[in-house]
Every structure is written in C-alpha cells, then in structure tokens.
Amino acid sequence: MTATVVGNYRVTGADTESDIHHIVLDFGELPFPVLEGQSIGILPPGVDAQGRPHHARQYSLASPRDGERAGYNNLSLTVKRVTEDHGGAAAHGVCSNYLCDLAKNDTVQVIGPFGHTFLMPNHPRANLIMICTGTGSAPMRAMTERYRRRIDTGENGRLMLFFGARTERELPYFGPLMKLPRDFIDINLALSREPGQPKRYVQDLIRERGPQVRDLLSDRNTCIYVCGLKGMEVGVLDALRDVTVQSGQDWSILHDVLRREGRLHFETY
Ligand code: FAD
C-alpha cells in the first residue's frame, strides 16, 4: 500500500541523544484495517550494498484501530532514529532514518499489518499491566487510547503502566502521558539516568508497587504486555516472580496459567 505522511514530529527532548518521532500515515480511500498490538512493515526506498532492494522493517502501531484521529483512515508510528553502527555493517539505520526524515505529503510503501500475539482483549473490563521502554511504548499508547475513547461507557478495566527511559526528556510522549487522569491510568516512570535521582528500572518499580501488581494479578481479567528491548524480558519475569512469591503464591503455576490463558505477551526487538 502507499500511504501519505500527514505528520512527523519529535517526541523526545531536542537536547537529548534519543531522537524519537511520532509519524502519522494516511491511507486515503484505501481500507487498511489494523488492531492495537499489530505492526506494519515499511519498505525503505533504494538498494543495499549488494544492489538488492532493502528489506522491510517492522514498526508497532502507536494508534488505536479507529485511527490516530478517531474516524480518520490514518495510523501512527513511534520511530527511534538508529545512529549507532552495529559492527561493520555497510549501512545502518536505513529505515529509521528514512522515516524520521520524512516530510508532510511524502509517500511511503507499507506492507502488513502483522502480528496476532500482542493483541488486546476484546473484553472491555480487562485490566492491562503494560511494561515498556523507549519505542516499546507504541503499542501501549495504542491500547491506552483505545481505553480512553471508551471511557464514557464506564466499562473500562484498570490500566497500570511501567515505563522506562533514561530521563524524562528521553521518554516519548512524556507531556501527553502526564496529562492523563491518574484514576484512568496508574503511571510508573522508571528513569535510569535522571540527574540527582537513584537509577531505577522497570523491574525495580514493579517490585515497589508489589501489592498493587499482586492485586491485579489475582484478577483473571488481567493481561500483561511487555514491549521494548530484548534484554528486558528476564528482569521483568524475575520481578513478577518476586511479587508473586511475596504473597505466598507459586510463580511457576501462575506463570503457566498466564501463558495458557494468553494473558502474558512479549514483543521485544
Ligand atoms: P538497520 O541497521 O538498517 O537495520 C536494522 C535491522 O534490520 C537489522 O538488525 C536486521 O534485523 C534488519 N535487516 C537489515 N538489513 C537486513 C537484511 N539485509 N536482511 C535481513 N534483515 C535485515 N522500531 C522502532 O523504532 N519503533 C517501533 O515501534 C518498532 N517496532 C518493532 C516491532 C517489531 C515486531 C520488530 C521486529 C521491530 C520493531 N522495531 C521498531 C525495530 C525496527 O523494525 C528496526 O529494526 C529499527 O528501526 C532499525 O531499523 P533500521 O533500518 O533503521 O536499521
């Protein structure tokens, strides 16, 4: 599909190393149905060092199913500009730089959508524990927005977010996130390099909020979503085990139940 760029702006502090963009793509008259938790593939133009067309890269949707703007045929992405060279590769950051540099009205080749393992429950009363770092916040934004748009139904479950970044200014969507009402979403920010503050990672905050996490875990309507860098899975599982064990429960049984009932979801890259 060809989509048109209708917005592209930075969502991290201009003075930080972390250049993360919110990019809105419009599909015009063409239907492109998506669900929160899915990703799309972007085909960067041009060829690689061997003269072959570039491979598609995947990006999670940051907007809910009914559009970045409700009722519009558009969607949004949260893209981090990759600048580090991963050891001798001829090109690096091909697609993320292409996306972050797009201007309004540029067109983009899109494939997908992909993914059926990170979808949110259809049941409106489901509680969501969302654990993420960096651009792993994209699917959490999509799910949160889906809940926000049905606030008036009075049928929403509880939302608990654990969001990790180095500093507040490197945390994408910091401003809009902090404006969300606290009785709508329980926000826990883990900052690992905020000057003058102790280093905290998402797993530290999960332990600190142990009683509330346990309370949610004891409800069979609770689903857990983890998205971000690959390395975070182990730390998060250890923290969930610790809070469970503290209440005298057997984590291996609960872990098994969560997996079997499709209530524990990971998307790391
Ligand atoms: P490059 O260094 O050019 O490429 C990075 C990666 O692309 C490589 O490590 C490799 O895995 C793959 N690749 C490159 N060339 C080849 C090749 N010839 N053959 C096979 N593979 C190749 N990033 C975000 O910023 N935001 C998101 O929301 C997001 N969601 C993602 C969701 C999923 C499910 C996955 C798998 C990844 C997601 N990513 C996301 C990461 C994203 O897909 C890219 O890896 C990232 O943007 C870097 O791509 P690049 O082209 O800029 O960097």
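Where is the place of Pro64? I looked it up in this predicted model. Pro64 lies in the loop between β4 (57–60) and β5 (74–80).

**Entry 1: Pro64**

Then I listed what Pro64 touches, leaving out residues up to four places away in sequence. I noted Glu36, Ala142, Glu145, Arg146 and Arg149. I also checked Pro64 against Tyr225, which is 161 residues apart from Pro64 along the chain. Their C-alpha atoms are separated by 16 Å.

**Entry 2: Glu170**

I moved on to another loop residue. Glu170 sits in the loop between β8 (159–165) and α3 (174–178). I read 13% relative accessibility for Glu170, so this residue counts as buried. Which side chain does the side chain of Glu170 make a polar contact with? I found the side chain of Arg166, at 3.0 Å. Leaving out residues up to four places away in sequence, I noted that Glu170 touches Thr12, Thr16, Ser18 and Ala165.

**Entry 3: cysteines**

How many disulfides does the structure hold? I counted zero. A disulfide is a covalent bond between the sulfur atoms of two cysteines. I then looked at Cys95, which is in no disulfide. Its nearest cysteine sulfur is that of Cys100, 9.4 Å away. The cut-off for a disulfide is 2.5 Å between the sulfur atoms. Cys95 is buried, with a relative accessible area of 1%. Cys132 is in no disulfide either. For Cys132, the nearest cysteine sulfur belongs to Cys227 and is 7.4 Å away. I read 0% relative accessibility for Cys132, so this cysteine counts as buried.

**Entry 4: helices α5 and α6**

Last, I looked at a pair of helices. Two packed helices are described by the angle between their axes and the distance between the axes. I took helix α5 (residues 210–217) and helix α6 (residues 232–246). Their axes come within 9 Å and cross at roughly 85°. Angles of 65 to 115 degrees count as roughly perpendicular, so α5 is roughly perpendicular to α6. Which residues make the contact? From α5 I wrote down Gly210, Val213, Arg214 and Leu217. From α6 I wrote down Leu240, Val243, Thr244 and Gln246. I sorted the residues in this contact of α5 with α6 by class: four are nonpolar, three polar and one charged.

Definitions and conventions. Residues numbered from 1 in each chain as written. Predicted model: local features only at pLDDT ≥ 70, side-chain atom pairs only at ≥ 80, totals over all residues. Heavy atoms only, no water. Axes fitted to C-alpha atoms, helices over the stretch in contact; angles between N-to-C directions. Helix = DSSP H or I, 4+ residues; strand = E, 2+ residues; numbered from the N terminus. Parallel < 35°, antiparallel > 145°, perpendicular 65-115°, else oblique. Contact = heavy atoms within 4.5 Å. Nonpolar A, V, L, I, M, F, W, Y, C, P; charged D, E, K, R; others polar. Buried < 20%, exposed > 50% of the residue type's maximum accessible area, 1.4 Å probe, protein only. Polar contact = N/O pair within 3.5 Å; in protein donor to acceptor, adjacent residues only side chain to side chain.
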